[in-house]
Amino acid sequence: MGTSNEVKKQREYIEKVRKINEDRKCKYNILTMGCQLNENDSEKLSGMLEEMGYARTDNVKDADIALFNTCCVRENAEDKLFGKLGELKRLKEEKGLIIAIGGCMMQEKHITDKIKTSYPFVDILFGTHTLYKFPEDLYRAIEEKRKIEDVIDVEGKIYEGLPIKRDSKIKASVTIMNGCNNFCTYCIVPYVRGRERSRSPKDITDEVKSLAKEGYKEITLLGQNVNSYLRVEKEKNISFSEYEGINSFATLLRAINKIDGIERIRFVSPHPKDFTDDVIEAIADCDKVCKLIHLPLQSGNTKVLKEMNRKYTKEQYLELVDKMKKKIQNLTLSTDIIVGFPGETDEEFEDTLDVVRRVKFEQVYMFIYSRRVGTPGDRMPNQVTEEIKHKRFDRLKELVESGIEENNQKYVGTLQKVLVEGKSKNNPNMLTGRTDSNKVVIFEGDKNLIGKMVSLKIVSEHMWYLKGEING
Ligand code: SAH
Ligand code: SF4
Ligand code: F3S
């Protein structure tokens with residue numbers, strides 16, 4: 001899409017704010033809630049802020065701006081935000097801290113209404129479709145000293161060419177598409193992120209190529225439904241320029257696999273219903289694509305899956321797993337599961353446990369169903385009680401943890417390729433890295449190995465990490 005006039009305009013605002021801050025040592029504090037897409041958005045906000053003359057601080061008391069990038073996929077994030085806002089009121093009064101809130105929760109009217117009435121001291125509210133306009137919003141809040149509300153309902157275009165400040169120098173995320181068209185009945189994401197739109201193949205590959213030049217080794221491709229990349233564009237005859245033969249998710253993987261310097265490619269999240277054979281073949285063929293695939297299950301029961309609008313049955317999910325295991329060597333799987341969806345009976349929940357036992361996931365992200373205003377799930381009459389939800393959650397957790405323990409045993413004695421990420425947080429004499437299957441491995445080694453791929457022999461296993469030794 002290139003640098004549009006809108007991006008030029010925002011760059012002018014960046015310059016204006018930078019001038020205002022010229023002789024001051026300004027700082028920002030950013031709190032990110034939610035998924036990797038939000039983390040990637042926060043890296044973009046950080047990039048803009050740093051170009052505007054702000055340095056990052058982890059202590060909000062030292063900050064001139066406190067920024068919240070919010071998530072609303074489950075209820076607990078709301079309590080967290082309102083708690084933090086209560087704490088910040090004093091800082092606002094004492095030193096005129098600028099408070100800005102963005103992200104998914106700001107697309108919910110009942111939340112922005114509550115902020116305006118109960119926390120009127122908040123300076124800037126912006127949504128998911130206006131993130132690129134943050135420099136302009138901030139400039140107006142500083143210069144015109146007024147409260148800014150910049151939330152729109154219509155999905156914005158994808159803007160290219162704004163700054164980004166990444167958290168890591170080894171691993172980077174690249175958003176390949178925004179929005180979601182699936183409308184799973186429990187989920188708020190399609191309402192707050194809008195409809196699916198894909199970034200152009202050239203913009204994505206250019207970004208990955210420049211990351212490779214900067215020395216990045218691992219790329220994670222992000223989207224709510226990555227394996228439908230460019231599908232909407234094709235279905236609706238929206239023109240896009242094919243580039244290096246990229247016209248689908250499978251061809252995107254193949255093209256990125258060819259980029260020199262990049263050693264690992266991951267992606268989240270694919271949808272089981274869109275896991276076509278060409279995608280499976282691309283994963284099998286591409287040496288850099290990690291063989292850990294995140295395949296969200298949500299429920300193992302066909303009736304619950306239908307109510308969730310997931311568009312696959314228990315059997316179809318298991319058949320897909322079998323097919324993938326046959327075609328992709330060393331495949332490992334991770335998944336997301338929701339317990340206590342409206343109407344879920346004990347018997348239906350047993351199907352979820354059954355699938356977990358059969359598939360032997362490497363990692364399971366477990367969630368208690370949370371009612372989201374505006375979703376069909378919230379309007380269903382047969383909500384499950386909190387007590388039952390928690391009981392089911394505990395049973396699932398027990399099964400998952402015993403599965404992980406069993407699975408960890410298999411690593412002991414094997415050789416694993418590990419991308420070294422840095423010093424271990426708990427033990428600074430050790431280094432830490434991850435296997436292809438995303439397991440944390442700690443080991444003794446020289447710090448110049450950081451950012452490199454090493455071959456380790458696994459010597460012991462612990463619940464959440466493995467211990468390794470440099471091989472040879
Ligand atoms: N598009 C991705 C991620 C969506 S959000 C996907 O389809 O996998 C991440 C996870 O949060 C979901 O996979 C789901 O397991 C969980 N989730 C979404 N809405 C939820 C809700 N209302 N209550 C509990 N968990 C939810
Ligand atoms: Fe939500 Fe379903 Fe879309 Fe994932 S695919 S974001 S769970 S609606
Ligand atoms: Fe949350 Fe928005 Fe991601 S609701 S899970 S931050 S897309």
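Phe183 sits in the loop between β8 (177-178) and α6 (189-193), where helices (H or I, at least four residues) and strands (E, at least two) are DSSP runs numbered from the N terminus. This is a predicted model, in which local features need pLDDT of at least 70, side-chain atom pairs count only at pLDDT 80 or more, and totals for chains, interfaces and linings use all residues. Residues are numbered from 1 along each chain as its sequence is written, chains are lettered from A and ligands numbered from 1 in the order in which they are written, and side-chain values use heavy atoms, with hydrogens and water left out. The protein chain is divided into domain 1 (3-150), domain 2 (182-408) and domain 3 (412-470), with bounds that come from an automatic or database domain assignment. Between the C-alpha centres of domain 1 and domain 3 the distance is 37 Å.

**Ligand 1**

- The shell around ligand 1 holds 15 residues, of which Arg74, Gln224, Gln298, Asp336 and Ser370 come nearest; a residue is near a molecule or strand if one of its heavy atoms lies within 4 Å of it.
- Oxygen atoms of ligand 1 are approached by a polar side-chain atom of Arg74 at 2.9 Å and by a polar side-chain atom of Gln298 at 2.7 Å.
- A polar backbone atom of Tyr186 is 3.0 Å from a nitrogen atom of ligand 1.
- On its own, ligand 1 has 530 Å² of accessible area, and the protein covers 90% of this; accessible areas come from the Shrake-Rupley method with a 1.4 Å probe, and for residues only the protein chains shown count as cover.
- Two or more residues of the shell around ligand 1 come from each of β13 (332-339) and β14 (363-368).
- By class, the shell around ligand 1 has 7 nonpolar, 4 polar and 4 charged residues; Ala, Val, Leu, Ile, Met, Phe, Trp, Tyr, Cys and Pro count as nonpolar, Asp, Glu, Lys and Arg as charged, and the others, Gly among them, as polar.

- Around ligand 2 are Cys180, Asn182, Phe183, Cys184, Tyr186, Cys187, Val189, Pro190, Gln224 and Arg310.
- The shell of ligand 2 comprises 7 nonpolar, 2 polar and 1 charged residues.

**Cysteines**

- A search of the whole structure gives 0 disulfides, a disulfide being a pair of cysteine sulfur atoms within 2.5 Å.
- Cys26 counts as buried because its relative accessibility is 3%; buried means under 20% relative accessible area, exposed over 50%, and partly exposed in between (1.4 Å probe, protein chains only).

**Strand residues and their contacts**

- His294 is in strand β12 (residues 292-294) and is buried, with a relative accessible area of 8%.
- The His294 side chain makes a polar contact of 2.8 Å with the side chain of Ser334; a polar contact is a pair of N or O atoms within 3.5 Å, and within protein one must be able to donate a hydrogen and the other to accept it, while residues adjacent in sequence count only if both atoms are side-chain atoms.
- The side chains of His294 and Asp336 are also joined by a polar contact, of 3.1 Å.
- Thr335 belongs to strand β13 and is buried at 0% relative accessibility.
- From Thr335, the side chain reaches the backbone nitrogen of Leu297 at 2.8 Å.
- Phe126, in strand β5 (residues 124-126), is buried at 0% relative accessibility.
- Met105 is 21 residues from Phe126 in sequence, and their C-alpha atoms are 9.7 Å apart in space.

**Backbone geometry**

- Most residues other than glycine have a negative phi, and most peptide bonds are trans.
- Phe183 has a positive phi, near 50°, and is partly exposed, with a relative accessible area of 28%.
- Asn237 has a positive phi, near 55°, and lies in the loop between α8 (231-235) and α9 (249-257).
- Asn237 counts as exposed because its relative accessibility is 70%.
- The peptide bond from Val268 to Ser269 is cis, with omega near -15°, and Ser269 is placed in the loop between β11 (264-268) and α10 (277-285).
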